[in-house]
Amino acid sequence: MSRIRPYGRGLWRAVGLALLAAALGAVVLGGSGACVVVPQNRRKHLADPMMRFEEDALDAHRRQKFYTTREAAAGGDGMPAGGGCGCQ
Amino acid sequence: MTVALLAALVAQAVAPPPYAIESVRVRFTHYDQRGRGYQSAAGPAGTAGSEQLTVEQPQAEVVARVGERITERVWIPMDVVTAASPDHSRYNRPITDDPPDAVSTASRRNVAGTFDALTTYHLDRDTDVAFRTAFHMEEPFESWAFGIGVTRSMAEENTVFDANVYQVLDWFDRFKIDGMREARSNRSTSNLNLTLTQVLSPTTVGAISYGGTLQSGTLGNTWSSVLLADGSRGAERLPRERWRHALAARLAQWLPWQGALKVSYRIYVDDWSALANTGEVTVVQRLFAGLRLRASYRAHHQTAVRFFTKAADPDATGYRTGDSDLARFVAQTVGGGLTWDLSRAGVVTDLHFDLGYEHYFRTNDLTVDIATCGFGLLF
């Protein structure tokens, strides 16, 4: 039984690798200096705590764990998609 | 005299570097979950069983600066879960308002704790290297996680690139669906994350992230059951490997009336054929001084994994699951909260309070109410 391989597995791996390629493309674009450079003295609004993607690390953790253990999808937030506590 | 001098030199050599506590934070969250799922046998025969449970989740975190180049973060989250494994003890009995009994005594009230340490070494002005290790303990489950990451700032800190890898190893007891303990089992989770954060204008910042995860070993909790076409229940059977990919984009925009708008989108695929799209929008508004009001909405759609079933063929030998978390559904979360940062002059430079509430509901009969509060001291 354990040797049965799910149908269509290669397709989903290809889609996943396409996502990785898209991310790497963005990294190359950003690292090449193709994007704008805003001087530090014009970034005061960006330094406001409201502008952080995650304002509080502990709140971000409890949200990440809640969704990881209740939905099939996870990841993209810098943490493993599964493993550890939560039985997934 | 010489001995005293040597002792003084040795004491100087082994003296720890000076340290300073930067912040102390605590948070408490309460979850109240209701609903039914086909993986639970806690209900009448031939129907989905109860998924009712509550979780109390305290967390504590201390961040300290050690010497000139090291920042140490110690974080201890805990979970106290009722009915962590609702199963056969309620099979073919009516659903009540009580949390269902558990498959093992350990799960009637499961206490889980983690010790997580993150050490960040500031290599130079633009580069940080971080090391993480974590231990998780609960009955009957142990876990060890470790990882390394690099963060590099470029273009006058307009561009920040972060890459990290994690490895998680789990060991746990394997059960039959009737609660009999079979043996020990294990699971491995390997993870790669890449994140690029880019300043787009004086009021806009964006980020794009990729997360790839490979899991292998026993990938279920081993006690979830599957409803069979003849009305009885059988064991869940899952593949022993899973490749998972997620690509996320986030944007934060400053609003001229002292507010911020944050939007995010994630696409996810895995080789169990789950495909998911998740979008979220958050609006933050400063009311006065350090008081901020927050409102958020999240929508998530996913397809079922290819072997999800609500009535499995009793004679089939392939993979099967009735886990409602792996089904096709739309989930929505609406929430809001208040945050208050009180700046002070003195030893404590900032006092932080926040209160939040979220309501999570989805189309396959699961509802969770979440209340959370946090307190922090920044030195």
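1. Strands β13 (residues 241-255) and β14 (259-270) of chain B run antiparallel to each other and pair over twelve bridges. Strands here are DSSP E runs of at least two residues, helices are H or I runs of at least four, and both are numbered from the N terminus; two strands pair if DSSP finds at least two bridges between them. One bridge links A246(B) to Y268(B) in β14(B). Three residues sit between the strands of this hairpin, and Q258(B) takes a positive phi near 60° there.

2. β13(B) also pairs with β10 (residues 204-217) of chain B, again in the antiparallel sense, over 13 bridges. In that pairing, V205(B) has A252(B) as its bridge partner in β13(B).

3. Before you go further, a caution: this is a predicted model, where local features need pLDDT of at least 70 and side-chain atom pairs count only at pLDDT 80 or more, while totals for chains, interfaces and linings use all residues. Residues are numbered from 1 along each chain as its sequence is written, and chains are lettered from A and ligands numbered from 1 in the order in which they are written.

4. On confidence, pLDDT is the predictor's confidence in each residue, from 0 to 100. Chain B has a mean of 88, with 88% of its residues at 70 or more. Its lowest spot by element is helix α1 (residues 2-14) of chain B, with a mean of 65, and its highest is strand β16 (residues 291-302) of chain B, at 97. Watch residues 101-106 of chain B as well: pLDDT is below 50 there, and the stretch has 20 contacts in the model beyond near neighbours in sequence. A contact means that two residues have C-beta atoms, placed from the backbone, within 7 Å. For the complex, the predictor gives an ipTM of 0.89 and a pTM of 0.87.

5. Buried residues make up 36% of the 379 in chain B and 43% of the 88 in chain A. Buried means 20 or more other C-beta atoms within 10 Å of the residue's own, exposed means 12 or fewer, and partly exposed is in between, with C-beta atoms placed from the backbone.

6. Where the chains meet, 89 residues of chain B contact 55 residues of chain A. Strand β9 (residues 181-201) of chain B gives the largest share of chain B's side, eleven residues. That side divides into 37 nonpolar, 31 polar and 21 charged residues. Here Ala, Val, Leu, Ile, Met, Phe, Trp, Tyr, Cys and Pro count as nonpolar, Asp, Glu, Lys and Arg as charged, and the others, Gly among them, as polar.

7. Now the largest nonpolar core, which has 23 residues. Such a core is a set of buried Ala, Val, Leu, Ile, Met, Phe, Trp, Tyr and Cys residues joined through C-beta atoms within 7 Å. Among the residues with the most contacts inside it are A73(A), A246(B) and F308(B). β13(B) supplies its largest share, three residues. A73(A) touches A246(B), Y268(B), A274(B), A276(B), T278(B) and Q302(B), leaving aside residues up to four places away in sequence.

8. Helix α2 (residues 57-70) of chain A has end C-alpha atoms 20 Å apart, in agreement with the 20 Å that its 14 residues should span at 1.5 Å a residue. The expected span is 1.5 Å times one less than the number of residues. Buried residues of α2(A) include L58(A), H61(A), F66(A) and R70(A). Their cover includes β1 (19-37), β3 (53-66), β4 (70-82) and β19 (366-378) of chain B.
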